[in-house]
Amino acid sequence: MNAKFKPCTLKGTVSAPPSKSMAHRYLIGAALSGETCHISGVDYSEDILASIDCLQALGAKIATNGDTVSVNPDGFMSAQNPILPCRESGSTLRFFIPLALCLGKPVTLQGSRRLFERPLDVYEKICQEKGFTFKKDASSVTLCGKLTSGQYEVRGDISSQFITGLIFALLYLGEDSQITIIPPFESRSYINLTISALKAFGADVTFSDAYTITIKKSKLHTYSGKIEGDYSNAAFLDAFNHIGSLIEIQNLNAESLQGDKVYGEYFEKIASGTPTLDLSDCPDLGPVLIALAALKNGAVFTGTDRLKAKESDRGMAMHDELKKLGGGLVFGDNMITVPKQELSSKGNILDGHNDHRIVMAMSIILSKIGGEISGIEAVRKSYPGFFEDICALGAEVELS
C-alpha cells in the first residue's frame with residue numbers, strides 16, 4: 001500500500017496507542033503467574049499477536065474480548081515439541097528463546113528472514129557453553145536444552161531483550177538466580193520496565209547493584225490491569241507539533257518508566273539548535289529524531305550502531321529516503337550526523353523498507369513537503385491505527 005501526502009497541518013486530540021513493550025511483558029507475566037489474568041488496553045499489532053501465538057503454542061489458553069486479553073496459564077509450558085511463530089517480532093523471539101530452553105525438549109521458533117538476520121549470539125553462546133542444541137537457518141531456530149537456575153553473565157551493550165528473556169526463564173524455573181551485566185549497560189530502562197511488570201504479579205526481581213539483577217524464588221499471583229500508553233509511538237504523533245501542527249496526545253503516564261519518554265526533551269533540543277544526542281538507551285527513537293532534525297537545523301546522534309539490527313538498517317534506510325528528497329546523512333563510528341538540509345518532493349516514491357518506524361518517520365516529513373511512500377502496511381507491526389489517527393487529525397493523505 002502507498003500513502004500520498006499533500007502538505008498539511010494536523011489539529012485535534014488523539015490517544016497514544018498502548019505500549020507494545022509493556023503488553024509483551026504483562027502477557028508473558030500473566031502466563032508465568034499460574035492464575036488467570038485479564039490484561040486490558042491491548043493493541044493487536046503484529047508483534048503482540050506474535051507473542052500471543054507463542055504463548056498459545058506453549059500451552060497457555062488465550063481469550064480476547066475487545067482490547068482485553070485473558071490469559072489462563074493452565075497447560076503453559078506443557079506443549080510437546082512446539083513450534084513458535086514469531087512473525088517479525090524481535091522482542092517475541094528474544095523473550096521466548098530462554099523459555100523454550102526450560103522445556104528440555106526440541107522447540108522451533110519461526111519468523112521472517114529479516115528477523116533471523118538480527119543477532120542471537122547471546123543465546124547461542126549460552127547454548128554452546130551448556131551443550132544445548134542451537135540450530136539456526138534463514139527463517140527459524142531449533143533449540144533443545146534444559147536451562148537451570150544459577151549465575152549468568154551477559155554483555156550490557158547488546159539488546160536488553162536478551163536480558164529480559166533470561167529474567168522470564170529464571171523466574172519460571174523457580175529458584176534463586178542472578179544475572180551479572182558486563183558494562184557498558186545500554187537500554188537499562190527496558191529492564192526497569194520488565195522488573196516493574198513482573199512485580200505486579202508478585203515477582204521478587206531487583207537490581208542488587210547497578211550491574212546485578214537478582215531473581216528470587218517467588219510466589220506469583222494473578223494480576224489484572226490496563227496497559228499504559230506508548231511513548232515510542234507517541235513520539236511520531238508529537239513530532240507533528242514541532243513542524244506546525246497542534247495535537248494533544250492523551251493516554252500517557254507522566255510517571256512511566258519507558259525510556260522513550262526522553263523524546264520530549266530531545267525534541268526541544270532539536271527545535272532550538274543542532275544538538276548532540278545519545279541514542280544508546282532509546283534506539284527506537286532514531287528514525288523520528290532523524291526526521292525532525294532533517295526538517296530543522298540538523299543534529300548529531302551517537303550510540304547509533306544498534307539501528308543497524310532493527311527491522312531495517314534504520315540509519316541507512318533514512319539516508320536512502322532522504323537522498324530522494326535532496327538530503328542525506330553522514331555516518332561515523334557509532335555516530336550519525338544529520339546536516340542542515342533543504343528537502344523537497346522530487347516526484348520519487350519513497351520506500352518504507354518494511355519498517356514501521358521508517359514509514360512513520362518519513363510520513364512526518366511528507367506531511368510538510370508532500371510526496372508519496374510505499375509499503376505503509378509495515379505500521380501494522382506496532383501501530384496499526386497510525387494512518388487512521390493522522391487522517392482523523394486532518395492529514396491530507398490518499399491511501400492506495
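F201 is buried, at a relative accessible area of 1%; buried means under 20%, exposed over 50% and partly exposed in between, with a 1.4 Å probe and protein chains only. The model is predicted, so local features need pLDDT of at least 70 and side-chain atom pairs count only at pLDDT 80 or more, while totals for chains, interfaces and linings use all residues. Residues are numbered from 1 along each chain as its sequence is written, and side-chain values use heavy atoms, with hydrogens and water left out.

Let me turn to the aromatic pairs. The structure holds eleven of them. Rings of Phe, Tyr and Trp (its six-membered ring) pair if their centres lie within 6.5 Å; planes under 30 degrees apart count as stacked, over 60 as edge-to-face and the rest as tilted.

F201 and Y223 form an edge-to-face pair, with 5.5 Å between centres and 70 degrees between planes. F201 lies in the loop between α6 and β12, and Y223 in the loop between β13 and β14, 22 residues apart. Helices here are DSSP runs of H or I with at least four residues, strands are runs of E with at least two, and both are numbered from the N terminus. Y223 is partly exposed, at 24% relative accessibility.

Why is the pair of Y231 and Y263 tilted? The ring centres are 6.3 Å apart and the planes stand at 50 degrees, so the pair counts as tilted. This pair links helix α7, which holds Y231, to helix α8, which holds Y263, 32 residues apart. Both Y231 and Y263 are buried.

Finally, ring pairs join F5, Y383, F386 and F387 into a cluster.
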